[in-house]
Every structure is written in C-alpha cells, then in structure tokens.
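Subject: Structure for your files

Hello,

Here is the structure I said I would pass on. My notes on what I found in it come after it.

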Amino acid sequence: MMPGCIINKTQYQFFAKQLSQAINRVKKNKSCEWIVAQHRLGKIVYGEWVYTERDRRDIIDLVKSQLHVDLLYDAYPEKTARVTRANTFNDEKPHTLAVSHDFVLVNSLNTLQINHTNILLSELQSLGLYLDANSVTSIEHRCIVLVENLSVMANLASLNFSLSMTF
C-alpha cells in the first residue's frame, strides 16, 4: 500500500456501505478505481470491482491507520482544530480545519494596532504577521483593507488609496 493517500469522505461512505455487505463484487466507480490504483486492493474485471476477504480487511485496516476510526462502525471523522488533534495524534493534519480557520495574516502600513498595543513591523515581515484569530480582542485601526493576493499584501505600503476615501 502507498502511504500518503488519504481516504476522503465519499470513498469512506462508499466502502463502509459495500464492505458491510457480504458481496465481494460491485459495479466499478471512481472509489474502486482509486483503491486499486493507489493501494492495489481488489481488481477491476469486466466493469466490476472484485475484492477478496483479505482486501476487505486491508481496507478496514487502512482506514483505521489513516483516520483512527472503524470503517464498519464509526462515522467519518469531523474536522477539528489542529491543536485538538495534535493533543491526541502525532500527525495533526488529517481531518483538521485549514490553518486560516484559527489564524489570520495581518499587515499594516507602519504599525499594527491590535489589543490596545502598537506592534512595529520590520522590513523582514513584509507579508505581515500570522496571529491567532481568537486572541484578537480589539482592533484600533480607523480603516481595514481586506487583501487576498499575497503580492499585494507584501507591497501594502505602495497601494494607491483614492483621495475621496475618508478614514
């Protein structure tokens, strides 16, 4: 089996349904093609995915090793914060929310005015600072500009604000 190929929710639900039944062949679909191509479990024969009891057991073990749940009895794990997962598992990445869920990248033309504190930014911090979004309790800036493009974020000081904009 190839490491690093994490089973997704659609595949999980398909295999949970199929492997709980006593059938060892089903009509081929993308999940079947994926498990054969990535993990060499079962084979595609005449438009059907055919698998052995050993393949069935290996898929259940694969899910257990990747997701830490039992394919036949547990629901697909819901996404959690990375810190929560890191408290329990060595690898915090699977089934966690994106880093942007907990952190926000902030920048300023000169100083950040957050939590009643002025934070001076150096030239080395051209993209700004990543902050834990939950730790921000106040923002003292008169104007906030949302920037989606990192190259614009890095060159924030060169933005041309219209004179008609009131701050």
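The buried residues of helix 1 pack against strand 1, helix 2, strand 3 and helix 3. Those buried residues are Gln11, Tyr12, Phe14, Phe15, Ala16, Gln18 and Leu19. The model is a predicted one, and everything below should be read with that in mind.

At the N-terminal end, helix 1 is capped by asparagine 8. One of the side-chain oxygens of asparagine 8 is 3.1 Å from the backbone nitrogen of threonine 10.

Helix 1 and helix 2

Helix 1 covers residues 9-19 and helix 2 covers residues 30-39. How do their axes cross? The two axes come within 10 Å, and the crossing angle is roughly 95 degrees. Angles of 65 to 115 degrees count as roughly perpendicular, so helix 1 and helix 2 are roughly perpendicular to each other.

On the helix 1 side, the residues that meet helix 2 are Thr10, Gln11, Phe14 and Phe15. Their partners in helix 2 are Ser31, Cys32, Trp34 and Ile35. Sorted by class, the contact between the two helices has five nonpolar residues, three polar residues and no charged residues.

Helix 2

Which residues of helix 2 are buried? They are Ser31, Cys32, Trp34, Ile35 and His39. Viewed down the axis of helix 2, these buried residues fall within an arc of 160 degrees, so they line one face of the helix. The cover over them includes helix 1, strand 1 (25-27), strand 2 (43-45), strand 3 (48-50) and helix 3.

Both ends of helix 2 have something to note. The N-terminal end is capped by asparagine 29, which places a side-chain oxygen 3.0 Å from the backbone nitrogen of serine 31. After helix 2 comes arginine 40, with a positive phi near 55 degrees.

Helix 3 spans residues 53-67, and glutamine 66 lies in it. Is glutamine 66 buried or exposed? Its relative accessibility is 10%. Buried means under 20%, so glutamine 66 counts as buried. The side chain of glutamine 66 reaches the backbone nitrogen of isoleucine 7 at 2.9 Å.

Glutamate 53 is also found in helix 3. Glutamate 53 has a relative accessibility of 53% and therefore counts as exposed.

Asparagine 24 itself is in the loop between helix 1 and strand 1. It counts as partly exposed, at 41% relative accessibility. Leaving out residues up to four places away in sequence, asparagine 24 touches Trp49, Val50 and Tyr51. A further C-alpha separation, between asparagine 24 and arginine 56, is 8.6 Å, and these two are 32 residues apart along the chain.

Positive phi in two histidines

Two loop residues may be worth a look if you check backbone torsions. Histidine 68 is a residue other than glycine with a positive phi, near 65 degrees. Histidine 68 sits in the loop between helix 3 and helix 4 (82-86). With a relative accessible area of 39%, histidine 68 is partly exposed.

Histidine 116 is not a glycine either, and its phi is positive, at about 60 degrees. It is found in the loop between strand 5 (111-114) and strand 6 (117-120). What is the relative accessibility of histidine 116? The value is 70%, so histidine 116 counts as exposed.

The chain as a whole

The chain holds six helices and seven strands. From the N terminus on, their order is α-β-α-β-β-α-α-α-β-β-β-β-α. The chain has 167 residues, of which 31% count as buried. Among contacts in the chain with a separation of 6 or more, 45% come from residues 24 or more positions apart.

Regards

Conventions:
Residues numbered from 1 in each chain as written. Predicted model: local features only at pLDDT ≥ 70, side-chain atom pairs only at ≥ 80, totals over all residues. Heavy atoms only, no water. Axes fitted to C-alpha atoms, helices over the stretch in contact; angles between N-to-C directions. Helix = DSSP H or I, 4+ residues; strand = E, 2+ residues; numbered from the N terminus. Parallel < 35°, antiparallel > 145°, perpendicular 65-115°, else oblique. Contact = heavy atoms within 4.5 Å. Nonpolar A, V, L, I, M, F, W, Y, C, P; charged D, E, K, R; others polar. Buried < 20%, exposed > 50% of the residue type's maximum accessible area, 1.4 Å probe, protein only. Polar contact = N/O pair within 3.5 Å; in protein donor to acceptor, adjacent residues only side chain to side chain. Arc of directions from axis to C-beta.
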